Amino acid sequence: MTRRRREWLTAYLYLAPGLALTAVFVYWPLVASTTLSFYDWNLVSPTWSAVGWQNYRELIGNRAFWLALVNTGKAAVAFTALTVMVPLFLAVAVLRVSGRWRDVYRALLFSPTVISMAIACAVWLWMFHPLYGVINSLLRVVGIQGPAWLSSGDSAIWAIIIVTVWKTFGFNFVLYVAGLLAIPAEMYEAARVDGASERQLFRYITIPLLAPTTLFVLLTTFILSPQNLFVPTQILTQGGPNEASNNLGYLVYQLGFEYFRVGYASAAATLIFLLFLGLTALQFYLAESRIHYGR
Amino acid sequence: MTIWLVLLALLTAVSVAPPATEAADPVTIEYWHINSPTFGGPAVKELVQVFEAKHPGIKIAEKFQPGVYTGLMQQLQVSLAAKRPPAVAQIGYNLTAYAAGQFPHVLLDKYRQSDPAFFKGIPDNIMALGNLSGGLHGIPFGVSTPVMYYNPDLFQAAGLNPDQPPQTWAELLKMGQTIKDKTGKFAVYLQQPNDEWIDQTLIWGNGGRPLSEDGKRVGWDSPQAIEAMQMWQDMVTKTKIAANLTWEEGLQAFLSGHIAMCLTTIGRQDHMRKNASGFHVRAVPVPRFGSKPLATATGGNVLMIFATDPTQEKAAWEWIKFLLSPEGATIWTRGTGYLPPRAELATDPKYLKPFFDEAPMMRAALQTFPYAKPWVSFPGARGLEITKILIKAREEVLEGKRPAEPILKEASQQANALLPR
Amino acid sequence: MAGKVRAIHALLVLACVVMVSPMLWMFSTALKPPGEIFAGTFRLWPEHPTVQNFVVAMTQVPMLRLFWNSLLVALVVTFAQGLTSALAAYACAIFQFPGRSLCFGLFVATMMVPFQVTMIPNYLLIARLDMLNTYAGLIAPQVVTGYGVFMLRQTFKNLPGSLVEAGILDGATTWQILWRIVVPATRTALAALCVLFFINTWNQYLWPLLVATDKTMKTLPVGMQEFVSLEGGTNWGPLMAAASMAIVPALIAYVIAQRYVLESFVTAGLKE
């Protein structure tokens, strides 16, 4: 066997367990679900019918679907700003601090990640209370009349976004810290010896060397946004009021578990999968070409 | 490195230990319920103990399902898909039509012949709650009514008599205005959960029907419904005496003294009593519409049998009979604040009279009981979506950007299209 | 310079306050008796602090058992996810072979599959294999994660090429290169990743809810739901007490990882 062929075989061996498990636990269900999307069934009734593209047509015509799409889009933008960029700056800031303080800040900034989303929502429910919650009380001090966060169509999705940002911030923060720590100190020292300013260090060393992590954080935040929005939506608003806070992550649940229309939910899931697949592939290829990896 | 492998091996060994094998005797059946430790959980355990002592051949594996009735339905659906359903489960009234129509289960009419004595003890209007499209699909078990809890201290602060809360909506509107003017707090909160229980109560109360007799049209666009919902909208947006909050927010606000009156289920009475901050909660029946008689939707659940094995089915039926027996119903009512399906138990000193004496708020429910109407669940495969359409209609009404009439008419049109022809 | 440091501290303190204040309410509620939880005016420290909620939490649900179940599952899953991610990422980052992009894409794409899609078929499979209410059933579908493969591929690919080449020149096998060169060189990232895996699994709710319905097999988040009842009223005090106790292992995992990471890189970083 040639050396190249051996390399191929070795690679496939390393991949085999992961691919096999993924095939069983992720891709087979996806195929099954997509098949199901052409039927009208609730998984339980003895009667079911093939409906062709009916589910997809109904989805396109469903107001909730479009609201969900728009809301997920709003969330994606908010997440990009707040959970992709802000953690980066805070990670840099934390590493500029030395000694005990650094540990304290890191732990505190990471702490929301540690509690379960359900508990976080329970706490935020209290904070969002229009009458006496912390947020509206603080706004009142500044003279602003805070909205009924969860009961008003305009603010409901933002409440969910706020909770999600607060909760998922720590994930990306920790990854940025790890990425920053991996940059060898010698590079900074050498550049400083050459007379580079802090800003130049940041722009020409930190950002490029952090690029692989940044790409990862950006893409995963985008991809996982429906999933991350789900629990807050389920607990705080159930998609309401009047679908105002519905989003792609919750929509599949609503169709499949509130209405028990599993075929219909599968159609939504397939559409969402294809949508994210396309958008992510696009972002990935655009960005990957610009990153200079170590190897 | 080796340490990790050893650790992994150990953990894997522990993980793949086979589950305990079941004994051949006795019969074990699964009973799914929504009774959390503070909402009847201990009562369920007690019921199981008493029952198993009487029936040594049957074991009850009681399992709590989170998420109340909706959560239980979701678990049920998945377990039915895997062909491992529980033998007996509590199905919320608003979900009964869907479960009866779409989930395979046991029809219970045959037991009328075999156990006539059991059926004689339950009043007809209660048993009717389990009757759907001509068959007995479940035995009504939990029976709750909405009541109006109120904060006597806020009444006093507004200069009103705390012993005379409003009995009609007209009175409530007037007193509510006084409370708002004098104390600045909201006067009332009508529960806004992910169901339309209170909405149906309003419709029944104003003389309408949530669903027509022939089951072909929802009643949300009837003049009575429109009038009632418009009243609610005005309370929220015009006179601003009612708060527009999610269910949990609204209840919390009541408990912390920010709202004077709260219309919600009697099931919460123990929670209200324990958690009210600095005042003693009282309860009365919900307000009437003028001279029209009191009418409320009945909350709670039916017990449905999903067992496919005949031995399991028999055991399940024995369990159900016990749960509704005077002894079982007593334990149940004490633990939950649900009403007993047999009204006479409430005044029987041997059974529930002491309980009702100790929990004065339960009296409001007792007074409402004779006027209890069904919580209509919508038939057909799209019944659950109909419920959502009507909830969304309510949310839109309370947002107040349009009057109630066009919203309700549109929603009813959409809902009617989903009803079976 | 001092002013700049002070500005940084101020920024960080503000961020920390935002992050931490909801948790303070959680702890505060855990210590309050029922009558105080919904008091009209908010007090951080209760008027009559009590440990009653903690007692109730421990007695009403089998906390120790729930803790143990969650811990076992989280540890095994973390280990498994770390292992499978490292193996797959190693292949995708270091080797050249046909279908490399496709394989990598397949792993990443798993993150885009809505979990509701995989939940039910996986449940039916586990049920058919009679693995309901077992640890294996709780663990099995989660053994591979696209998130881990993606992240480690980025990290491995970012290693200086000389590192791996040196190993090849030394005649090391790919297995040895992975465990003796690549993994040690990336242990910051690996540690961070494993912490995230642990916390994710620790707090997981929907899958254990489906699979572990027996009282003895439930995990902590599922068990805590017993305090929540929209019908009879949520028992906030014990719920928050249980939640406060539940974060301890996750915090410990984080602190251990932070110490471990810090100790390996005493001189690295952006110190002034």
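Trainee: How many bridges join S8(B) to S9(B), and do the two run parallel or antiparallel?
Mentor: S8(B) and S9(B) are joined by 4 bridges and run parallel. Strands (E, at least two residues) and helices (H or I, at least four) are DSSP runs, numbered from the N terminus; two strands pair if DSSP finds at least two bridges between them. Please note that this is a predicted model, in which local features need pLDDT of at least 70 and side-chain atom pairs count only at pLDDT 80 or more, while totals for chains, interfaces and linings use all residues. Residues are numbered from 1 along each chain as its sequence is written, and chains are lettered from A and ligands numbered from 1 in the order in which they are written.

Trainee: Which residue stands opposite B:Tyr189?
Mentor: B:Cys262 in S9(B) stands opposite B:Tyr189.

Trainee: In what order do the strands of the sheet come?
Mentor: The order is S8-S9-S7-S10 in chain B, an open sheet of 4 strands with mixed pairing. Strand S8 (186-190) and strand S10 (282-285) of chain B are the edge strands, each pairing on one side only. From one strand to the next, the twist averages 25°. Axes here are lines fitted to C-alpha atoms, for helices over the stretch in contact, and angles run from 0 to 180 degrees between N-to-C directions.

Trainee: How does S7 of chain B run relative to S10(B)?
Mentor: Strand S7 (residues 146-150) of chain B runs antiparallel to S10(B), with 4 bridges joining them. B:Val147 stands opposite B:Pro285 in S10(B).

Trainee: Which strands does H12(B) touch?
Mentor: H12(B) packs on the sheet and touches S7, S8 and S9 of chain B, and its direction makes about 135° with that of S9(B). Helix H9 (residues 169-183) of chain B lies across S8 and strand S9 (259-265), running at about 130° to S8(B).

Trainee: Why is S8(B) described as largely enclosed?
Mentor: Because 5 of the 5 residues of S8(B) are buried, the strand is largely enclosed by the rest of the structure. A residue is buried if 20 or more other C-beta atoms lie within 10 Å of its own, exposed if 12 or fewer, and partly exposed in between, with C-beta atoms placed from the backbone.

Trainee: And how many residues of helix H10 of chain B are buried?
Mentor: Helix H10 (residues 197-205) of chain B is mostly covered, with 9 of its 9 residues buried. Among them are B:Trp197, B:Asp199 and B:Trp204. H10(B) is followed by B:Gly207, whose phi is positive, near 95°.

Trainee: Where is B:Ala128 placed?
Mentor: B:Ala128 is in the loop between helix H7 (124-127) and strand S4 (131-132) of chain B. B:Ala128 counts as partly exposed because it has 13 C-beta neighbours inside 10 Å. Its C-alpha atom is separated by 8.4 Å from that of B:Pro374, 246 residues apart along the chain.

Trainee: How many residues of chain B are in contact with chain C?
Mentor: In chain B, 36 residues are in contact with 34 residues of chain C. H1(B) supplies the largest share of the chain B side, 4 residues.

Trainee: And how many residues of chain A are in contact with chain C?
Mentor: There, 82 residues of chain A are in contact with 73 residues of chain C. Helix H1 (residues 3-36) of chain A gives the most to the chain A side, with 18 residues.

Note on methods: Two residues are in contact if their C-beta atoms, placed from the backbone, lie within 7 Å.
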